[in-house]
Amino acid sequence: MPLFNPGNHTINPENAKLYAAVEIAYTSVDFAAAGLFIVGSVLFFNESTMNAGTWCFLLGSICFALKPTLRLGRELMYAKRDKVDLLAKRAEGSR
């Protein structure tokens, strides 16, 4: 199974559930990143809150870095499941 194939999530029900869970996590992280950048921007208007704003920007950036990590993790789980399914089929065929 090739990585990042758009049809990977339709192969079986387990992949569909994994796809949905990762999409919910991805969207949640996206909202968190956007919220942190908005709050950070507002905090940057006042010199006394700039330090907190900087932390919000850092946390928002970490959230943005987490997004592709979630998708790559999902694809690697698909690949792992595919190998397990292939091994199971081979074991059934050898009986």
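Q: Why is the meeting of the Glu 23 and Arg 71 side chains called a salt bridge?
A: The test is a side-chain nitrogen of Lys or Arg within 4 Å of a carboxyl oxygen of Asp or Glu. In this predicted model, the N to O distance for Glu 23 and Arg 71 is 3.3 Å, so the pair passes. As background, side chains of opposite charge can pair when their charged atoms come close.

Q: What makes this pair a tie between separate parts of the chain?
A: Glu 23 sits in helix α1 (residues 13-43) and Arg 71 in helix α2 (residues 50-93), so the bridge joins parts that are 48 residues apart in sequence.

Q: Is Arg 71 called buried, partly exposed or exposed, and why?
A: Buried needs under 20% relative accessible area and exposed needs over 50%. Arg 71 comes out at 26%, so "partly exposed" is the label.

Q: What makes Arg 74 and Glu 23 a salt bridge as well?
A: The closest N and O atoms of Arg 74 and Glu 23 are 2.9 Å apart, and the limit is 4 Å. Arg 74 belongs to α2 and Glu 23 to α1, so this pair ties together parts that are 51 residues apart in sequence.

Q: How do you know whether Arg 74 is buried or exposed?
A: Its relative accessible area is 6%, and the cut-off for buried is under 20%. Arg 74 therefore counts as buried.

Q: Which residues make up the network of salt bridges?
A: Glu 23, Arg 71, Arg 74 and Glu 75 are the linked ones. A search of the whole structure turns up four salt bridges.

Q: How do you know that the length of α1 fits its number of residues?
A: Do the helix check: at 1.5 Å a residue, the 31 residues of α1 should span 45 Å. The end C-alpha atoms of α1 are 45 Å apart, which agrees.

Q: What sits at the start of α1?
A: A side-chain oxygen of Asn 12 comes to within 3.2 Å of the backbone nitrogen of Glu 14. The cut-off for a polar contact is 3.5 Å.

Q: Which residues of α1 are buried?
A: Among them are Asn 15, Leu 18, Val 22, Tyr 26, Val 29 and Ala 33. On helices in general, there are 3.6 residues a turn, so residues three or four places apart point the same way.

Q: Why is Leu 18 called buried, and what does it touch?
A: Leu 18 has a relative accessible area of 11%, which puts it in the buried class. Leaving aside neighbours within four places in sequence, Leu 18 is in contact with Arg 74, Met 77, Tyr 78 and Arg 81. Leu 18 and Arg 74 are 56 residues apart in sequence, yet 7.2 Å apart in space, C-alpha to C-alpha. Seen from Arg 74, the contacts beyond four places are Leu 18, Tyr 19, Val 22 and Glu 23.

Q: Which class does Phe 57 fall into, and why?
A: Phe 57, in helix α2, has 22% relative accessibility and counts as partly exposed; buried would take under 20%. Beyond neighbours within four places in sequence, Phe 57 is in contact with Phe 37, Gly 40, Ser 41 and Phe 44.

Q: Where does UniProt place the transmembrane region, and how much of the span is helix?
A: The unreviewed UniProt entry puts it at residues 24-46. That span is 87% helix and 0% strand, with its end C-alpha atoms 34 Å apart.

Q: How many helices and strands does the whole protein have, and how much of it counts as buried?
A: Two helices and zero strands, with 20% of the 95 residues counting as buried. Of the contacts with a separation of 6 or more, 63% come from residues 24 or more positions apart. The accessible surface is about 6,700 Å², and 69% of that belongs to carbon and sulfur atoms.

Key:
Residues numbered from 1 in each chain as written. Predicted model: local features only at pLDDT ≥ 70, side-chain atom pairs only at ≥ 80, totals over all residues. Heavy atoms only, no water. UniProt positions renumbered as here; feature names shortened; annotations may be inferred. Helix = DSSP H or I, 4+ residues; strand = E, 2+ residues; numbered from the N terminus. Buried < 20%, exposed > 50% of the residue type's maximum accessible area, 1.4 Å probe, protein only. Contact = heavy atoms within 4.5 Å. Areas by Shrake-Rupley, 256 points an atom, 1.4 Å probe, with all protein chains shown as cover. Expected span 1.5 Å × (residues − 1). Polar contact = N/O pair within 3.5 Å; in protein donor to acceptor, adjacent residues only side chain to side chain.
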